[in-house]
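Notebook open, structure loaded. I want to look up a few things and jot down what I find.

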Amino acid sequence: VQLDDGLIPWFEGHKADPWDHTEAAMGLSIAGEYQAAERAYDWLLENQLPDGSWYANYQDGEALYTEKRETNFIAYIATGVWHHYKITGDKEFLQRLFPAVKKSIDLICSLQAPTGEIYWAIEENGAPFKDALITGCSSVYKSLECAIALAHELELDAELWTSSYEKLGTALRY
């Protein structure tokens, strides 16, 4: 069901969201469909907003829901990129995608509450929607772990991300 532009909808003729799109790309990597997976990641590169986020839903090349951008959707690129790299060992892919991962994870870290949780969404005006979900934060936690691994693989600093990861882990545990 992958479209020519690389987007992977939920099923034929339906919408897509960045989280499920990335999850589907991960499935393509597992199946050895590396080019198709990389087309999916290229779609993320081409559709990333200037602040590092994506809208919640897309269909037929258009964003369907622009009122909120969900943080676990935004962070999940790090999980997908790390997953694809661990399967393929393609360091050029990693280097090519890292700037998009950095933009998204830097944005996520800026949306961390003083008590450690990551606010679950960004309003249309760019302000954080000051609520948090355990499931969303758990997904972000894994994505931060993957982003840190990506940075270490490229021998880059991940101190800010590590600090956010530790604070979020404490919030999830307590």
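Predicted model: local features only at pLDDT ≥ 70, side-chain atom pairs only at ≥ 80, totals over all residues.

Strand 4 (residues 121–123) runs antiparallel to strand 5, with 2 bridges between them. I then traced the sheet they belong to: an open one of 3 strands, in the order 3-4-5, with antiparallel pairing. Strand 3 (68–70) and strand 5 (128–129) are its edge strands, each pairing on one side only. I also found helix 3 packed on this sheet, where it touches strand 3 and strand 4. The direction of helix 3 makes about 40° with that of strand 3.

I stayed with helix 3 and picked out Thr-71, which sits in it. Is Thr-71 buried or exposed? Its relative accessibility is 2%, so I put it down as buried, the cut-off being under 20%. Its side chain reaches the backbone oxygen of Tyr-119 at 2.9 Å. Beyond its neighbours within four places in sequence, I listed its contacts as Ile-108, Leu-111, Ile-118, Tyr-119, Trp-120, Ala-121 and Val-140.

Last entry, helix 2. I see 14 residues (34–47) reaching 20 Å from first C-alpha to last, close to the 20 Å expected. Its buried residues are Ala-36, Ala-37, Glu-38, Ala-40, Tyr-41, Trp-43 and Leu-44. What covers them includes helix 1 (18–30), strand 1 (57–59), helix 3 (71–88) and helix 4 (91–110).

Definitions and conventions. Residues numbered from 1 in each chain as written. Heavy atoms only, no water. Helix = DSSP H or I, 4+ residues; strand = E, 2+ residues; numbered from the N terminus. Expected span 1.5 Å × (residues − 1). Buried < 20%, exposed > 50% of the residue type's maximum accessible area, 1.4 Å probe, protein only. Contact = heavy atoms within 4.5 Å. Pairing = 2+ DSSP bridges. Axes fitted to C-alpha atoms, helices over the stretch in contact; angles between N-to-C directions. Polar contact = N/O pair within 3.5 Å; in protein donor to acceptor, adjacent residues only side chain to side chain.
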